[in-house]
Amino acid sequence: MIIKPLILSTFFIISSIGLTACGFQLRGYNSTLSQHIQPTQLIFGNSLADYAVKNSLKNQLNQLGIKHTEAKDPTTSQQPSITVSNIRTQSYQLRGILTEIRLVMSADVTYQVLKQGQLVDKTQNIQVQHSYQYDQATVSTDNPQAGQIEKWLYDSLAQRIADQFVALNLPQTSP
């Protein structure tokens, strides 16, 4: 019985090594994708939500190998930037035998990316959400998971911002 999982795991390891060694690339691109994203400025407000998302975004960018700085004066900058503002959380509750809670976090995000030597602005509203249930009859405090879910939402929002920034920096070539 131990041999089957061992064979399967060996197969997956060998196939993943073979896939990366063969020069795997996305269709339409002449060479394998590499990220050549210039250092990026992060522009945030001063609220607790801003700090939480900024710290999570820094971690995401570090994992992607994207260098970043905090903007001193964003109006005079000539480098790519990510501006996050208006972070807000909304809670929706459906009460019954079980209480269903849906937390929705959204933010207005403006990306400045270099396209053909020019800085181009793209503004989007990014939204993440998470739903959970609890039984009020067996829980001593109201909404006990909200703090943990809110932390997850900060991390999820930062991940979506970083993913969108990388996508905007992909080269624009046609097949």
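These legends walk through several close-up views of a predicted model.

**View 1. The whole chain, from end to end.**
Let us start with the overall layout. The protein has three helices and five strands, and from the N terminus on they follow one another as α-β-α-β-β-β-β-α. The protein counts 175 residues, and 27% of them are buried. Its exposed surface comes to about 11700 Å², with carbon and sulfur atoms supplying 55% of that area. What share of the contacts with a separation of 6 or more joins residues 24 or more positions apart? That share is 64% in this protein.

**View 2. The open sheet of five strands.**
Here we look at how the strands line up. The five strands form an open sheet in the order β2-β1-β3-β4-β5, and the pairing is mixed. Which strands sit at the edges? They are β2 and β5, the latter covering residues 118-134, and each pairs on one side only. From one strand to the next, the twist averages 25°. As a general point, the strands of a sheet pair through backbone hydrogen bonds, and they do so either parallel or antiparallel.

**View 3. Strand β1 and its two partners.**
Now we zoom in on strand β1, which spans residues 40-43. Thr40 and Leu42 point one way from this strand, while Gln41 and Ile43 point the other way. Are these four residues buried or exposed? All are buried. On one pairing, three bridges join β1 in parallel to strand β2, residues 68-70, and the bridge partner of Gln41 in β2 is Thr69. Between β1 and β2 the chain passes through helix α2, residues 48-64, and this β-α-β crossover is right-handed. On another pairing, β1 meets strand β3, residues 81-94, again in the parallel sense and over three bridges. There, Gln41 stands opposite Ser81 of β3.

**View 4. The hairpin of β3 and β4.**
Strands β3 and β4 form a hairpin with four residues between them. How many bridges join β3 to β4? Twelve bridges do so, and the two strands run antiparallel.

Staying in strand β3, we come to Asn86. Most residues other than glycine have a negative phi. Asn86 has a positive phi of about 55°, although it is not a glycine. Its relative accessibility is 45%, so Asn86 counts as partly exposed.

Where does Asn46 lie? Asn46 is found in the loop between β1 and α2. With a relative accessible area of 66%, Asn46 is exposed. Its C-alpha atom is separated by 9.9 Å from that of Ser85, a residue 39 positions away along the chain.

Leaving aside neighbours within four places in sequence, which residues does Gln60 contact? They are Ala158, Gln159 and Ala162. Gln60 has a relative accessibility of 17%, which is under the 20% limit, so it counts as buried.

**View 5. The aromatic pair.**
We finish with a close look at two rings. The structure holds one aromatic pair. Why does the pair of Tyr111 and Phe165 count as stacked? The ring centres lie 6.2 Å apart and the planes are at 25°, which is under the 30 degrees needed, so the pair is stacked. Tyr111 belongs to strand β4, residues 99-115, and Phe165 to helix α3, residues 146-168, so the pair ties together parts that are 54 residues apart in sequence. Tyr111 is buried at 0% relative accessibility, and Phe165 is buried with a relative accessible area of 0%.

Technical notes:
Residues numbered from 1 in each chain as written. Predicted model: local features only at pLDDT ≥ 70, side-chain atom pairs only at ≥ 80, totals over all residues. Heavy atoms only, no water. Buried < 20%, exposed > 50% of the residue type's maximum accessible area, 1.4 Å probe, protein only. Contact = heavy atoms within 4.5 Å. Areas by Shrake-Rupley, 256 points an atom, 1.4 Å probe, with all protein chains shown as cover. Phe/Tyr/Trp six-rings, centres within 6.5 Å; stacked < 30°, edge-to-face > 60°. Pairing = 2+ DSSP bridges. Right-handed = clockwise from strand over helix to strand, strands pointing away. Axes fitted to C-alpha atoms, helices over the stretch in contact; angles between N-to-C directions.
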